[in-house]
Amino acid sequence: MNQKDGRKTERAVTSKEKKEDKQKTACPLAKKCGGCQLQNLEYPQQLAWKQRRVESLVGKFHKVNPILGMEHPYHYRNKVQAAFGMNRGGRIISGVYQSSTHRIVPVNSCMIEDTVADSIIVTIRRLMKDFKIAPYEEDSGRGLLRHVLVKRGFATGQVMVVLVTGSPILPAKNNLVKALRAAHPEITTILQNINPYRTSLVLGERETVLFGPGYIEDELCGCVFRISARSFYQVNPVQTEVLYRAAIRMAGLTGKETVIDAYCGIGTIGLIASRNAMRVIGVELNKDAVRDAITNAKRNQIENTRFYQGDAGELMIQMASQGEKADVVFMDPPRAGSDEAFLGSVVKLSPETVVYISCNPETLARDLELLVKSGYRVQEIQPVDMFPWTNHVETVVLLSL
Ligand code: SAH
């Protein structure tokens, strides 16, 4: 596998990809799967739809820049999860759950998922027969394999495979690992995750490494990030770079600033920004993510960042009450958006610049209203298409005091 294979923006589009681009028929599984809501639109129309959506929700605050779309909007997902089960004829199937049900829609290849990941999942399905591994049945608790999770670092080519089982014992696991690696030499690590619970969560808490280091690494905007089975990482790395570049450009960093990366996840934005700032303070609720952020700082020999576990708003209130100042706040909240307590703490700390990265334009509109009432002015709005074929749209907004 070519190391730079995933960097679709950095190389010429191949003829197979050109053909795909012209293909007008939608995915044959679209109706059953329901994961891609904009299947009935061609890509340029999807972009126009998203542009209008952002304009109608936040256009009153500022003119909206044209959305940044993908050159080749296929197979962009670096993380693929498949559920395993049995069909009525007793054959093993793997695929996705039909939206809002527990029925598995069989999938061999998906237009938005990484093709290497999809082919590994098909191989595992074949190996299950050879190794007599039955899919796990939720109702009876019989069987073994529940899910397979594959993550691929598009920039590094490293591939992680996680076999999620309902119980700890995986028969003939050494031979299974051998067979899987023989079929896919690109795999760099294999894990078993044990999930005995009746839950819709894919991963359980226990895991053992069957091969390799137990994690993969990927690169974004010149920084290296460690990705473990359970850590959060953006699923479209090509567009994540586009998104982060827009956010960091808007921040207008000169090297003298104190920067807060609120809702920092594994520290990606803060670590990339730290090269152009005096110091960066990251805050995140999830303690595994904070640990990853600290590891990532070391991995990149970055020394001007500090990461804290806790509520982003509380940290800023604390900073304000101790008379500390921040020049720039990056905020990247979950879909529910931010809350009044957090926005109130932004106003209290009163950074000159706020860069709001939003994955939900509805909660963005609500939050901008409050910031604007408190004295901030919207200076730029940039939508980015992180999830082609779906109705999701990401937006970066620059506000200044
Ligand atoms: N900026 C990161 C992650 C964004 S996802 C990236 O680009 O990869 C949003 C993150 O906000 C999640 O990791 C979630 O755990 C965290 N989060 C949710 N509520 C929070 C809160 N009140 N304070 C701090 N972090 C929070």
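Author: Buried means under 20% relative accessible area, exposed means over 50%, and partly exposed is what lies in between, with a 1.4 Å probe and protein chains only. This is a predicted model, in which local features need pLDDT of at least 70, side-chain atom pairs count only at pLDDT 80 or more, and totals for chains, interfaces and linings use all residues. Residues are numbered from 1 along each chain as its sequence is written, and side-chain values use heavy atoms, with hydrogens and water left out.

Reader: Why is Asp 385 called buried?

Author: Asp 385 has a relative accessible area of 0%, and the limit for buried is under 20%, so Asp 385 is called buried.

Reader: What makes Asp 139 and Arg 198 a salt bridge?

Author: A salt bridge is a side-chain nitrogen of Lys or Arg within 4 Å of a carboxyl oxygen of Asp or Glu. The closest N and O atoms of Asp 139 and Arg 198 are 3.9 Å apart, and the pair therefore counts as a salt bridge. Asp 139 lies in the loop between helix 4 (115–130) and strand 4 (145–152), and Arg 198 in the loop between strand 6 (187–194) and strand 7 (206–211), so the pair ties together parts that are 59 residues apart in sequence; helices (H or I, at least four residues) and strands (E, at least two) are DSSP runs, numbered from the N terminus.

Reader: Why do Asp 139 and Arg 198 count as exposed?

Author: Exposed requires over 50%, and because Asp 139 has 72% relative accessibility and Arg 198 has a relative accessible area of 63%, each is called exposed.
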